[in-house]
Amino acid sequence: MSAIKLLTTANKKVYESSGITLNDSQSEAVMHNKGPLLIQAGPGSGKSTVLAAKIQYLLTVKSVRPHRIMAITFTRKAAGELKERINKLPHITSGEINSLAIGTFHSIFLRILRAAGLKHEILASDNQKESMINSILKDQGLREDYSPEIMLAELSYLKNIGLTTKELNAETGRENEWLGVIKAYEGYKREKKLLDFDDILLETKKLLEIDEYLLSGLQGQFEHILLDEFQDILTGCSWRS
């Protein structure tokens, strides 16, 4: 009998007592402990269950300290559901759960920025951002020509692939207008010390590129990084209208 089969048998009662039943493939994923692992499975196939069981396995079987585990989800709802799942598992204390780094990309990255001293206000409201764009469009006499929602979506795409407006060259008059509005919007945010969700990602990237001590500390802290719904970060579109 393989080591995986033995471990599956030994831990079967622990998981089933929490309402978790793992098949052989899921058990193998939970107990994988050397190098990266990619899980590909369809909706409703138990990926989140495996993620919760994996964290329990690391804590209770491999004796990994909770502050050395990071679990990243794509939405706040998914992060909350993961915490609820882990909370129902046996042999895990509330203190261990609170020490786990569980959250979305934005919430975890914002923690890093706050710890580094960032005090900017977070611009979370789409209505507020669209109102700011509308005001700039009106000032530039372009209000009827552009959709604030589409402009912000294009800007979001640029930021998510790591580009800034400084790296773009306008090839047409319309693109030049678009850039003018967006640059005014970004300038207003800088003046008022505002960050949107995409800025959180870019600012963290910049911080880690210039602060080798912080980067080294994070790399040394987290032994296990578990990423849920990875495919959701791979979507994109062209910035040009």
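This passage describes the overall make-up of a predicted model and then some of its local contacts.

Residues are numbered from 1 along each chain as its sequence is written. Because the model is predicted, local features need pLDDT of at least 70 and side-chain atom pairs count only at pLDDT 80 or more, while totals for chains, interfaces and linings use all residues, and side-chain values rest on heavy atoms, with hydrogens and water left out.

The protein chain holds 11 helices and 5 strands, taken as DSSP runs numbered from the N terminus (helices: H or I, at least four residues; strands: E, at least two). Of its 241 residues, 36% are buried; here buried means under 20% relative accessible area, exposed over 50% and partly exposed in between, with a 1.4 Å probe and protein chains only. The accessible surface comes to about 14600 Å², and carbon and sulfur atoms account for 50% of that area (Shrake-Rupley method, 1.4 Å probe; for residues, only the protein chains shown count as cover). Among contacts (heavy atoms within 4.5 Å) between residues at least 6 apart in sequence, 69% join residues at least 24 apart.

Two helix pairs come next. The axes of α10 (residues 197-210) and α11 (residues 212-221) come within 5 Å and cross at roughly 100°. Axes are lines fitted to C-alpha atoms, for helices over the stretch in contact, and angles run from 0 to 180 degrees between N-to-C directions. Leu207, Leu208 and Ile210 of α10 meet Glu212, Leu214, Leu215 and Leu218 of α11. By class, this contact has 6 nonpolar, no polar and 1 charged residues (nonpolar: Ala, Val, Leu, Ile, Met, Phe, Trp, Tyr, Cys and Pro; charged: Asp, Glu, Lys and Arg; polar: the others, Gly among them).

For α7 (residues 126-139) and α8 (residues 148-160), the axes come within 9 Å and cross at roughly 110°, so α7 is roughly perpendicular to α8. Lys129, Glu130, Ile133, Asn134 and Leu137 of α7 make the contact with Pro148, Glu149, Met151 and Leu152 of α8. The classes here are 5 nonpolar, 1 polar and 3 charged residues.

Now to strand β1 (residues 69-73), where Thr73 is found. Thr73 counts as buried because its relative accessibility is 0%. A polar atom of the Thr73 side chain lies 3.3 Å from the backbone nitrogen of Ala79. Not counting residues up to four places away in sequence, Thr73 touches Ala78, Ala79, Leu82, Gly103, Thr104, Phe105 and Asp228.

Leu82 itself belongs to helix α4 (residues 76-87) and, at 3% relative accessibility, is buried. Leaving aside neighbours within four places in sequence, Leu82 is in contact with Ser48, Leu51, Ala52, Ile55, Ala71, Thr73 and Ile102. Leu51 is 31 residues from Leu82 along the chain, and their C-alpha atoms are separated by 8.1 Å.

At the start of α2, a side-chain oxygen of Asn23 reaches to within 3.1 Å of the backbone nitrogen of Ser25. Within α2 (residues 24-31), Gln26, Ser27, Ala29, Val30 and Met31 are buried.

Methods. Polar contact = N/O pair within 3.5 Å; in protein donor to acceptor, adjacent residues only side chain to side chain. Parallel < 35°, antiparallel > 145°, perpendicular 65-115°, else oblique.
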